[in-house]
Amino acid sequence: MALLLFIAVTACHKEEQAVEGVAKKAASAERQAQATATLREQQRAQLERIPLPTKSLYVDIHDPGAWVNPFLYVEAETLDLRVNLVDANPSSLGQGTMLRPAGARRQEVQLRPADLADAVTALPAGAWRYGRVIAVAEAPGAPAKDRPKIRRNVEAAIQQLNDLGVVVEEWPAR
């Protein structure tokens with residue numbers, strides 16, 4: 001009898017421990033979700049200082065090299081973010097010449113898909129000359145076997161950017 005009572009008490013105690021463990025994991029997951037939501041709200045607030053896009057400024061642009069807002073090339077494992085920074089010299093003297101080439105202000109950064117929101121939020125306001133719009137395209141020359149994964153990454157990137165309030169202009173959708 002004593003052995004049976006001991007087994008019953010031990011089993012109840014183990015169930016209580018399991019329930020406590022599940023409750024702790026749920027509380028931890030809730031705290032993490034709240035932290036993620038708070039971070040996303042902060043990122044949205046930072047991007048709200050960028051005005052909404054003016055489509056008339058970029059509707060006639062059909063060459064990725066002529067696009068001056070951020071441009072995102074999506075690959076199978078990474079994202080390439082191209083940013084054209086604004087010329088810091090306000091003078092028109094020598095603008096676009098060998099002394100102040102536009103290509104010198106072009107920056108390219110390779111990112112993990114998880115870092116996209118942080119990278120877009122960190123861009124200076126001068127990089128958004130058309131407003132809060134970013135071009136997204138599949139990386140040219142990718143192997144055919146990587147196309148499904150690239151397409152999934154494109155869709156995930158578009159979802160992240162839309163969650164931030166950034167308008168996406170998908171290329172070559174024109």
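Contact here means heavy atoms within 4.5 Å. Keep in mind that this is a predicted model.

Q: What makes Asp146 one of the contacts of Ala76?
A: The cut-off is heavy atoms within 4.5 Å. Leaving aside neighbours within four places in sequence, Ala76 is in contact with Asp146, Lys149, Ile150 and Asn153. Ala76 itself is found in the loop between S1 and strand S2 (79–84).

Q: Why is Ala76 called buried?
A: Buried means under 20% relative accessible area. Ala76 comes in at 14%, so it counts as buried.

Q: How far apart are Ala76 and Pro113 in sequence and in space?
A: They're 37 residues apart in sequence and 9.9 Å apart in space, C-alpha to C-alpha.

Q: What does the pair of Trp67 and Trp171 tie together?
A: Trp67 lies in the loop between helix H1 (2–47) and strand S1 (71–74), and Trp171 in the segment after strand S5 (167–170), so the pair ties together parts that are 104 residues apart in sequence. Trp67 is buried at a relative accessible area of 0%, and Trp171 is buried at 7%.

Q: Why is the pair of Phe71 and Tyr73 called tilted?
A: Stacked needs planes under 30 degrees apart and edge-to-face needs over 60, with the rest counted as tilted. The planes of Phe71 and Tyr73 are at 35° and their centres 4.7 Å apart, so this pair is tilted. Ring pairs link Tyr58, Trp67, Phe71, Tyr73, Tyr130 and Trp171 into a cluster.

Q: Is Phe71 buried or exposed, and how do you know?
A: Its relative accessibility is 0%, against a cut-off of under 20%, so Phe71 counts as buried. Phe71 stands opposite Ala135 in S4.

Q: How do you know that S1 and strand S4 (residues 133–138) pair?
A: Pairing takes at least two bridges. 4 bridges join S1 to S4, so they pair, and the two strands run parallel.

Q: What makes S3 and S5 the edge strands?
A: The open sheet has 5 strands in the order S3-S2-S1-S4-S5, with mixed pairing. Strand S3 (106–111) and S5 each pair on one side only. The twist averages 25° from one strand to the next.

Definitions and conventions. Residues numbered from 1 in each chain as written. Predicted model: local features only at pLDDT ≥ 70, side-chain atom pairs only at ≥ 80, totals over all residues. Heavy atoms only, no water. Buried < 20%, exposed > 50% of the residue type's maximum accessible area, 1.4 Å probe, protein only. Phe/Tyr/Trp six-rings, centres within 6.5 Å; stacked < 30°, edge-to-face > 60°. Axes fitted to C-alpha atoms, helices over the stretch in contact; angles between N-to-C directions.
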